[in-house]
Amino acid sequence: MEIYVIQTGLTKGELTLDAVDQLKSAEHIILHTERCGAAIWLQENNLTYTSLDSVYEEAEDFDEHIDMAVEKILSSGHDIVHYLVIDLDDETVRALADRGVSLRFIGQKMRGGLTAFAKGAYLTVSALDARNAYFSSLNDTLIIEIDSRELASDVKLLLMDKYPDETDAYFLKGDALAKIPLMDLDRMDEYDHTACCFVPAVKDLLKLERYDFSHLLMLAARLRDPVSGCPWDKEQTHETLKRDALEEAYELQDAIEKGDEFGLIEELGDVLFACALQIQIGVEHGEFTETDVITGVVQKMILRHSHVFGKDSVSNMDGLFSLWDDNKNKEKGLLSTSDEMEAVALALPALLRASKVIKRAEKADAALVPAPESHGATDEKSLGESLLKQVAWARKNGIDAEKALENAVNRYIEAYKTSHQ
């Protein structure tokens, strides 16, 4: 069975010359609805037809309406049917294609026939511009102007990075439609400027082979679903997850130090998932969205890289670091060295925090930097041994060495502030 799908528009004046030529020689015409100008044109030209308007009353819902309409068309008893729809973006057209019926499109928008498979908004991209497009399996995508096999191959590889290889795609050249696996996009008989391909969205995480950050956010939302989510993930808060984020960062550092490429991929993923889970919690509580988070970091990096995005210039790395600190201080409203010291994260390991605080003091007032004492250390090795022994002494005497250094840093900051008041 072959079906010519003809876009009629709302008024008879919207019928194209191609549609008129086809209808004049058509043996069996079916209108999705008589409520269009094409019905008037058919009557004026003494052409007989049937309509599916009765289906609207017989069907209990929209899905049943589509099924009944398709069955009436397929059971018409004719090898060739001319099926008239107001617009090619018609649900019954998609349903006919899914049944494997041979379809040919005629009307104002030839490639518009493919949009019948869209379930909402879709992305339209010229094959020549495909490398500059952002594809996502969460979106329907229409690729137009696939005018060569080489171009089809390039587009296929880009799409297969987002959609599963076996995804059902719809290839249209002229008025002939073919349903194909995405991986066969560059195996069609012919290509020219009329060739185009529609790839429906794939939103089921279990059906995908590759994922992007949007899928990670979907996963986080699914895991925290109040009804069907994971009991552990549903119970987490910003507070309960803070140590997990720190541990993931340490494991990432470990992979980098070991030069473990696969470990690096894994640990980067864990860090990203930790972020996605925190973002989902923020979304649920109405605190912020992923756009707020990403916008914040992009804006911050643009402001701090004023030598790249602004009018500032640097001639060496010292100048670069100085500019970075200046931009950071302006951004955070840090007006003094004391402010800079207090801005060093309290959650940092005590040794790292102490080093950063002293570095800030050295830039402003070397006279107030704690007096260096070697305690017998002469190099890195002996310093390490000395620190290790002090940690052992602290444990023996019930002292938390980390907390002791942390408190010492806090006292130093307060003393520095007092001396500069």
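**Charges and salt bridges in a predicted chain**

I start with charge: in the protein chain, the mean positions of the 44 positive and 78 negative charges are 7 Å apart. Lys and Arg count as positive, Asp and Glu as negative, while His and the chain ends are not counted. Each charge is placed at NZ of Lys, CZ of Arg, CG of Asp or CD of Glu.

A note on the source. This is a predicted model, in which local features need pLDDT of at least 70, side-chain atom pairs count only at pLDDT 80 or more, and totals for chains, interfaces and linings use all residues. Residues are numbered from 1 along each chain as its sequence is written, and side-chain values use heavy atoms, with hydrogens and water left out.

Now the overall form. The protein chain has 17 helices and 10 strands; these are DSSP runs numbered from the N terminus, helices being H or I with at least four residues and strands E with at least two. The C-alpha trace spans about 105 × 50 × 40 Å along its principal axes. Of the 421 residues, 37% are buried, where buried means under 20% relative accessible area, exposed over 50%, and partly exposed in between, with a 1.4 Å probe and protein chains only.

On to the salt bridges. The structure holds 18 of them, each a side-chain nitrogen of Lys or Arg within 4 Å of a carboxyl oxygen of Asp or Glu.

One is Lys-173 with Asp-192, where the closest N and O atoms are 3.2 Å apart. Lys-173 sits in strand E8 (residues 168-173) and Asp-192 in the loop between strand E9 (176-181) and strand E10 (196-199), so this pair ties together parts 19 residues apart in sequence. Both residues are partly exposed: Lys-173 at 22% relative accessibility, Asp-192 at 23%.

Another is Arg-304 with Glu-331, with 2.8 Å between the closest N and O atoms. Here Arg-304 in helix H11 (residues 290-304) is linked to Glu-331 in helix H13 (residues 317-332), 27 residues apart. Arg-304 is buried at 7% relative accessibility, whereas Glu-331 is partly exposed at 33%.

Then there is Lys-417 with Glu-342, 2.8 Å from N to O. Lys-417 belongs to helix H17 (residues 401-419) and Glu-342 to helix H14 (residues 337-343), so the bridge ties together parts 75 residues apart in sequence. Through shared partners, salt bridges join Glu-342, Glu-414 and Lys-417 into one network. Lys-417 is partly exposed at 23% relative accessible area, and Glu-342 is partly exposed at 41%.
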